[in-house]
Amino acid sequence: MPNLLLAFAVWTIWSILVVKLPALGFSYSANQLFWLAALPALSGATLRIFYSFMVPIFGGRRWTALSTASLLLPCLWIGVAVQNPDTPYLIMLILALLCGFGGGNFASSMANISFFYPQAHKGAAMGMNAGLGNLGVSAMQLLAPLAIASSVFGGMAGEPLIIQEGSNAGNPVWLQNAAFIWVPLIVVAALAAWFGMNDIADAKASFKDQAVIFKRQHNWLMCWLYMGMFGSFIGFAAGFPLLAGMQFPEMDPVKYAFLGPLVGALARPVGGAMADRLGGAQVTLWAFVVMIGGVIGVLSFLPSDQGSGNFWGFFAMFLLLFVCSGIGNGSTFRMVPVIFHDLLLRELGNERAEEAQKAANRESAAVIGFISAIAAYGGFFIPKAYGSSIELTGSVAAAFIGFILFYASCIAVTWWFYARRGAPAPC
């Protein structure tokens, strides 16, 4: 869990950096800033596709240690690059892509932990791991603004930049500390994983053994649903600070940005536990229903020609979206082992129940990793939807209308395949 928390912190570091760059002399357009906020999700999602199959091949201990250590590269390089406003934008794009190392870690972490718990407790266990891991977003958005406000490392970390505009003009900012503060923690966590974790012999499997999931309809259906849940969580987390600052320039969104990921992360284990008791499909279905209401609420509080909007209503609706996406994150992950246990039991029969359970564990772990990979693209699409909507229409409203249509499709899929009476795979 600590390793996953650090991975999420590094993955989402640009959500804070992009808010601070313009005032420090980095001359980037709004669309360029949204690109920097979105690219870590693009690379992280792509890496998750590969990471989701790594634990059964290399072992959870070795892979966790190495993947955690890989986070040192973007942190050290970002710490150097952001000290110079003349750093080429191309370098910034590369650094944003490298932060995807943190995003990839989620797939292997969830696949690994799924092997350690019995069927009845998988929802709560995975919800706890993912929920506390997701707290890395909130930790970063809380600690990074504090770290950049003072010379935490003294002269070792370099000189500050000076704010050039706004009410804080003239104040020093050590933007590099947003990256450097994670370096010692990453070193400790990587060593702890290498010397303290264990592998499970039964979890060993080749890529060919796991590739059967690509033939499973439910793998692709759960990709769609999890895109709606985790994709929303990470996309809203990546884009909210910059969006809020643009829509309500009189507010400092960095002061409040950490609260959304915090409540979303804390809600995730609750969603897993609720799904263990009530069924994952029902919890997921109603989470999507409330999320549509939350998006409608956001639209109603946005600035428009009729008024200047209301930041606190806007913020409250986003908190609602974070809570619901957190609950749905836990419930969708609970659905996967149930779906595949029942599927493999039907295929192999009750007389081969033990073999079916092992096969279900193997396929479920691969599916969990893979759907988390596809869902992570939401962290790219949501900030880019904001930027494109503003560039094309002058307003962000079109992006939110698109979210409503997408959530409606998720409700239809959940109800038809998993929640209704007589559903093909009730869970």
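Helices (H or I, at least four residues) and strands (E, at least two) are taken as DSSP runs and numbered from the N terminus. Axes are lines fitted to C-alpha atoms, for helices over the stretch in contact, and angles run from 0 to 180 degrees between N-to-C directions. The model is predicted, so local features need pLDDT of at least 70 and side-chain atom pairs count only at pLDDT 80 or more, while totals for chains, interfaces and linings use all residues. Residues are numbered from 1 along each chain as its sequence is written, and side-chain values use heavy atoms, with hydrogens and water left out.

Helix 16 (residues 311–348) packs against helix 17 at an angle of about 140 degrees, with the two axes 8 Å apart. Helix 16 is therefore oblique to helix 17; angles under 35 degrees count as roughly parallel, over 145 as roughly antiparallel, 65 to 115 as roughly perpendicular and the rest as oblique. The crossing of helix 16 with helix 17 is right-handed. A crossing is right-handed if the near helix is turned clockwise from the far one by less than a right angle, and left-handed if anticlockwise. On the helix 16 side, the contact includes Phe 333, Val 336, Pro 337 and Phe 340, and on the helix 17 side Ala 353, Glu 355, Val 367 and Ile 371 are among the residues involved; contact means heavy atoms within 4.5 Å. By class, this contact of helix 16 with helix 17 has 14 nonpolar, four polar and two charged residues. Here Ala, Val, Leu, Ile, Met, Phe, Trp, Tyr, Cys and Pro count as nonpolar, Asp, Glu, Lys and Arg as charged, and the others, Gly among them, as polar.

Helix 17 (residues 353–375) also packs with helix 13 (residues 217–247), at an angle of about 55 degrees and with axes 8 Å apart. Helix 13 is therefore oblique to helix 17, and their crossing is right-handed. Among the residues that meet are Trp 220, Tyr 226 and Phe 230 of helix 13 and Val 367, Phe 370 and Ile 371 of helix 17. The contact of helix 13 with helix 17 holds eleven nonpolar, three polar and no charged residues.

A further pair is formed by helix 14 (residues 259–278) and helix 15 (residues 280–301), which pack at about 130 degrees with their axes 7 Å apart. Helix 14 and helix 15 are therefore oblique to each other. Met 274, Ala 275 and Leu 278 of helix 14 meet Gly 280, Gln 282 and Val 283 of helix 15.

On a 1 Å grid over the protein atoms alone, a cavity is a set of points where a 1.4 Å probe fits but cannot get out, and a pocket is an open set with protein on both sides within 12 Å along at least five of seven lines; lining residues have an atom within 4 Å of a point. Grid points are joined across faces, edges and corners, and a volume is the space filled by probe spheres set on the points.

Searching the whole structure gives two cavities of 30 Å³ or more. The largest cavity has a volume of about 60 Å³, and its lining includes Trp 11, Trp 14, Pro 40, Ile 234 and Gly 379. Helix 3 provides the largest share of that lining, three residues. The lining of the largest cavity divides into seven nonpolar, three polar and no charged residues.

The largest pocket holds about 890 Å³ of space. Of its 33 lining residues, Val 19, Lys 20, Asn 168, Asp 252 and Val 254 lie nearest the centre. Helix 2, helix 9 (122–147), strand 2 (172–173) and helix 13 each supply at least two residues of this lining, which has 22 nonpolar, six polar and five charged residues by class.

The second largest pocket contains about 420 Å³. Its lining has 20 residues, with Met 1, Asn 3, Thr 64, Ser 109 and Met 197 nearest the centre. Helix 8 gives the largest share of the lining of the second largest pocket, five residues.
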